[in-house]
Amino acid sequence: MSDHPRDRFDLVPDVEAEIAFLDALSRERLHHAWLLCGPEGRGKATFAHRAARRLLGAAPDPSRGPLGARPDDPVSRLVSAQSHPDLLSLERMVEGGRTKRSISVDQARDLPEFFSKSPARAGRRVAIIDAADDLNANAANAILKTLEEPPPSGVLLLVCHAPGRLISTLRSRCRRLTFRPWSEAAVAGLLREQAGLDAASAAAVAASAGGSPGAALAAVGEEARATDTLTRRWVEAPGPLDRSERLAVQTSLRGPEAPARFEAVMTHLAGAVRDRALAGGPGAPAWADLWSRLNDWPDRAAGLNLDRGEVLASALNELERTKARAC
């Protein structure tokens, strides 16, 4: 799915999390900082924008879930256009077509100034950090200063893929909402409803998505089919992989679309390896071992802020070694 979380209105990431957030809001016990935890692609950034629209006064639309809002509401339009004066979003910047490796301290220093101002259109000011894992050390300390002196009308929503890697003082000042993986049945249902897949195709994609609706939606469409064909050819073809092709794919893991591209390549690669393991034969244990390791690498890459191209290169090196052992 290519649209940004700010433009998603029909994906409900976690009903229980939305109800918990609304309960705190209705009882006027809304915490000033929320740590949204769970695997990458689980819908945490989508939740953050859904919560922001509600906090900024968008008209509710219960047909779109507990935090649903109408896309044509003026607040929704301003959020989608990134022009709402009471919303600040901190993400890794893109310069020269490449996404920076972290959220800088200069970006983090925008928070105190933002929260020091009174709301312009709503009763609150809202900031989203997507993702807190991308904060460098100085930026994390700058965010901590804001949390130590919480603004009276401010709410901070921190998307986090690996909370254990955040400094403990930052974690302790946030209320945590955990987004657990979806069941395969739930992911398959989403694919049937939003991507128009038949039951068999939806089940196949859901099985390789690791409980992530974002990964599942990214795995469908023409580009996804091309990625699936490529990764299955990598797994099935005898001998070493074509070096120029490898380099071309690694180079494609740069720029604003890199996270989704990386997730898609790794998801399809893991799916192809899984199918090879399930086919049995003398090399099945080696393929099964590679499958289990591939499933962990995207989270490691996000948690350690590793270069995606280098992670893919390591995965393909492991693939070549597995093919050699399985022969």
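**Figure 1. Salt bridge between Arg125 and Asp86 in the predicted model.** Arg125 forms a salt bridge with Asp86, with the closest N and O atoms 3.2 Å apart; a salt bridge is a side-chain nitrogen of Lys or Arg within 4 Å of a carboxyl oxygen of Asp or Glu. The pair links distant parts of the chain, with Arg125 in strand β5 and Asp86 in the loop between α3 and β2, 39 residues apart. Strand β5 covers residues 125-130; helices (H or I, at least four residues) and strands (E, at least two) are DSSP runs, numbered from the N terminus. The side chains of Arg125 and Asp86 are also joined by a polar contact of 3.2 Å. A polar contact is a pair of N or O atoms within 3.5 Å; within protein, one must be able to donate a hydrogen and the other to accept it, and residues adjacent in sequence count only if both atoms are side-chain atoms. Arg125 counts as buried, at 6% relative accessibility, and Asp86 is buried as well. Buried means under 20% relative accessible area, exposed over 50%, and partly exposed in between (1.4 Å probe, protein chains only). Not counting residues up to four places away in sequence, Arg125 touches residues including Pro85, Phe114, Phe115 and Val155, contact meaning heavy atoms within 4.5 Å.

This is a predicted model, in which local features need pLDDT of at least 70 and side-chain atom pairs count only at pLDDT 80 or more, while totals for chains, interfaces and linings use all residues. Residues are numbered from 1 along each chain as its sequence is written, and side-chain values use heavy atoms, with hydrogens and water left out.

**Figure 2. Salt bridge between Arg6 and Glu91.** The closest N and O atoms of Arg6 and Glu91 are 3.8 Å apart in this salt bridge. Arg6 lies in the segment before α1 and Glu91 in the loop between β2 (87-90) and β3 (94-95), so the pair ties together parts that are 85 residues apart in sequence. Arg6 counts as buried at 10% relative accessibility, whereas Glu91, at 24%, counts as partly exposed.

**Figure 3. Salt-bridge network around Asp275.** Asp275 forms a salt bridge with Arg274, the closest N and O atoms being 2.7 Å apart. Through shared partners, salt bridges join Asp228, Arg232, Arg274 and Asp275 into one network. Asp275 is partly exposed, with a relative accessible area of 28%, and Arg274 counts as buried at 10% relative accessibility. In the whole structure, a search finds 21 salt bridges.

Figure 4. Helix α2 comprises residues 44-55; at 1.5 Å a residue its twelve residues should span 16 Å, and its end C-alpha atoms are 16 Å apart, which agrees. The expected span is 1.5 Å times one less than the number of residues in the helix. Twelve of the twelve residues of α2 are buried, so the helix is largely enclosed by the rest of the structure. Just after α2, Gly57 takes a positive phi of about 100 degrees.

**Figure 5. The largest nonpolar core.** This core has 30 residues, and those with the most contacts inside it are Phe21, Leu30, Trp34, Leu36, Phe47 and Leu157. Helix α2 gives the most to this core, with six residues. A nonpolar core is a set of buried Ala, Val, Leu, Ile, Met, Phe, Trp, Tyr and Cys residues joined through side-chain atoms within 4.5 Å. Leaving aside neighbours within four places in sequence, the contacts of Leu30 include Phe21, Leu55 and Val155.
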